[in-house]
Amino acid sequence: MLIVNSQNIKQYHGAQLILEDVTFEIHDGERVGLVGRNGSGKTTLLRLLAKELKQDEGQLAIRKDTQIGYLAQVPEEWSSATVHDVLASGYKDLLDCKASMNQLELSMSDPSTAEDPDRLARLLEAYSKLQERFERDGGYEMEAHIDQVAGGLQIAKAFYKRRFDTLSGGEQTKIGLAALLIRRPGLLLLDEPTNHLDMVSVEWLETFIKQYDGACLIVSHDRTFLDRVVTKIIELEDGEAHTYLTHYTGYMKEKEERLLQLFADYQEQQKRIKKMRETIRQLEEWGRVGGNEKFFRRAASMRKALERMEKLKRPVLEQKGAEFGLSPADRSGRKVLRFEGLTKSFGAAQVLSGMNGELEYGEKIMLVGPNGSGKSTFIKLLLGEEHAEEGTFEWGSRVDIGYLAQLDPPGDGRTSVLTYFREEAGLEEGEARSRLARYLFYGADVFKTVGQLSGGEWTRLRLALLMLRKPNMLILDEPTNHMDIASREALEEALEEFPGTILAITHDRYFINRLADKVWELEMGRITVYLGDFDAYQEKRAQLQADRAAGYNAVRNPSSSVDVRTLSESKAPRAAKLPRSMKAGNASERLEPSIAQQESRLIELDARLNKLSEQSTDTEELAALWAEREAVQDRLNQLYEEWMDQENP
C-alpha cells in the first residue's frame, strides 16, 4: 500500500535551488536508503516528509493518519525530562491510562468509599474499563519493550534516571533513536542512525529494522548497513531523484550501467543534432544560391524541430571528489610502537588491564570494541594525554604522529574556513585556496565560518591540515563519521596508497574490510588481535567464542593465514596457552572436573563483567567482580600447572 507519493518536488533555500524535480514512492513495509553527496538535499527532503517544511512546488502526499517518526526531531520538552521519560514518550496514552488507574486505586482504598456501595461500584466499573484498555494496548509489556530496545542499543538502566539534557550529543542521539523505535511509527525517518553506535548496537539495529512493520527511509553513508537492511535506494543528484530497486551494492552496479547508457544516448543525440545543424546550414546556402524559398522553409521547419527537441543532459560519469594526498615526509624505523603491561583505572573501575602489543611500519590496524571499552583511553595514553598506572610504551625511531580526533570542535566558530586554514597551516591566501579546493572547499565555501560546517566538512578541513604535516604514523578516531560516501571512498583510496602506519578506531565495517591488515579488539581491558579484514575477524571471533563456550582455550597456529591470539598475557602462565589433549591418566583425570568448573566460572564472570561495564556505574560492584575473576584465573592457572606436571612427568 502506498504511504508516500512525491511528484516533481521543488524546494529552494533562499535563492538556491536544492531540490529541482524529485519524484518517488514509498510503500508500506519498504526499507529505503536515501543517498547522495553532502549538500544534495537529503536532510531537506526528510524535513519535508516530517512536515517541518512545505515544498515550494510539486505534490507531496502522505497517507492519512500515518504516524511519522523523525530522528532529528528532539522536542524541547525533553530538555528537563529523564531518559526514561524520553524512552517512554511513545506510550503517552498508556501512561495517562496508568495514572488514571493509580488515581482510581487510591479512591477505592479510601475508607469513605467502602461506606458508599454505589460509588465503589462506579469506581470499579471505570477501573475495569481502563484496565481492559491498558492490557489490550500492551501496557503490561511496555517496560519490557522499553528495556528490550534500550538494551539492544546498549543504553544502561543506570541512565534511566539521568536528565536528558546532561547527556552528550551522541548519547542524546542514541536515546532519541531508541524512543522512536519504541514508538514504532508508520513512517520512520532516520538520519545517520549508526553514527554513534558500536558494532553490537549496529547489528542489533539491522535486525530490528529488517523485522520492522512500518516503512523506513534511512539516510546513511554506512555502506554495509545499507547492503544488509534496505531493499530500495533513492539517490539525490543534481536536485533530481533516481530510484533503484536493490541494496547499495546493486545500486552502484545499476547506476554505472544507467550512466553508461545515458552517455551513449547523449552521444547519439549529439550526432543527430550536429547532422541537423549541418543540414540546416546547407539548405539555407542552397536557398541563397538558387533563390528558392522552399529551401528556407524546409530549414526553418527543421530549426523548429531542433528547438522542440528535448535535450539530454551530459551525464557526469565520475563526480569530482576530495583529493586526500597522503605522503609522509620520511619513513620511521621498522618498529613503530611497543607497549607492555599497560594498566589504567578510573577509581575502582579498571579500564585497561596489562595490555601488550607492537606495531610495525606499514601496518594498517583497525581498533574495535564496544563503546566504553577503553579505546579512546588507550589512544590518550599513547599521545601522553593520560598516564598509565602500570606498564610502559615506546615509540620507534623517526615516528612522526598525525592524530585526527573524533570530536575536536574549533576554538572560535566565527572564524572563516580560509582564515582558520591559513592561520593553522601558515600559508598565503592563493596557496591556501588552492589546497582547500582539493578538499572540496570552493568559491564562497571558503568564507563560511567553521561553526557553520557540517560534521563531514569539518573532518575534511582537519584532514587537509593533517596531510600538510606529512606524518608517517596516522592515528584516526572514527575518520569516516559524518562523511558522505564519495569522501569516504576518496579517503579509503588515499589510505590504501599511504606507505606509512595506520592505527584507526572505527565501527565502519566497509572501511575495515577495505583497509585492515589486522583487527585489534579491545574488550575487558585486553586486546585480541585477528589477522585479516572485518569478515575474517567476525568469523574467527565467533569460532573463538564457541571454543570458549565449549570449555577449551582456542589456540591458532602462528603460521596460519589467520592468527588469533590474546596480546595481554601478563597474568597467564605458559601452560594456559597450550592445548589440553584431555588424554590424561589416572592422576590427571582427577583435575579435569575442577578445570572444567573453573573455566565455566571464568566464562560466566567475563560475561557479567562485560555487561556491567556497559550498564552499571557501580564501581564497587565492578571491582568486587574483577577481584573474584582474578582469583578464579589464579586458581585455574594452578590447575593447569598441576595437570601439565601430570601429563609431562
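Helices (H or I, at least four residues) and strands (E, at least two) are DSSP runs, numbered from the N terminus. I note that this is a predicted model, in which local features need pLDDT of at least 70 and side-chain atom pairs count only at pLDDT 80 or more, while totals for chains, interfaces and linings use all residues. Residues are numbered from 1 along each chain as its sequence is written, and side-chain values use heavy atoms, with hydrogens and water left out.

Entry on isoleucine 485. I located isoleucine 485 in helix H16. I found isoleucine 485 buried, with a relative accessible area of 10% (buried means under 20% relative accessible area, exposed over 50%, partly exposed in between, with a 1.4 Å probe and protein chains only). I then looked up its contacts (heavy atoms within 4.5 Å). Leaving aside neighbours within four places in sequence, isoleucine 485 touches Ser220, His221, Arg223 and Tyr248. The C-alpha atoms of isoleucine 485 and aspartate 222 are 7.9 Å apart, although 263 residues separate the two along the chain.

Entry on helix H15. I traced H15 over residues 455-468, 14 residues in total. H15 reaches 20 Å from its first C-alpha to its last, close to the expected 20 Å (the expected span is 1.5 Å times one less than the number of residues). Because 12 of its 14 residues are buried, H15 is largely enclosed by the rest of the structure. Trp458, Arg460 and Leu463 are among the buried residues. I see the buried residues of H15 pack against strands S14 (401-404) and S15 (473-477) and helices H13 (417-425), H14 (429-438) and H16 (485-497). Lysine 470, which follows H15, has a positive phi near 55 degrees.

Entry on helix pairs. I took axes as lines fitted to C-alpha atoms, for helices over the stretch in contact, with angles from 0 to 180 degrees between N-to-C directions. The axes of H13 and H15 come within 10 Å and cross at roughly 25 degrees. H13 is therefore roughly parallel to H15 (angles under 35 degrees count as roughly parallel, over 145 as roughly antiparallel, 65 to 115 as roughly perpendicular and the rest as oblique). The contact involves Val417, Tyr420, Phe421, Glu424 and Ala425 of H13 with Trp458, Leu461, Ala464, Leu465 and Leu468 of H15.

I next examined H3 (residues 92-109) and H5 (residues 117-136), whose axes come within 10 Å and cross at roughly 155 degrees. H3 is therefore roughly antiparallel to H5. Residues of H3 including Leu94, Met101 and Leu104 meet a set in H5 that includes Leu123, Tyr127 and Leu130.
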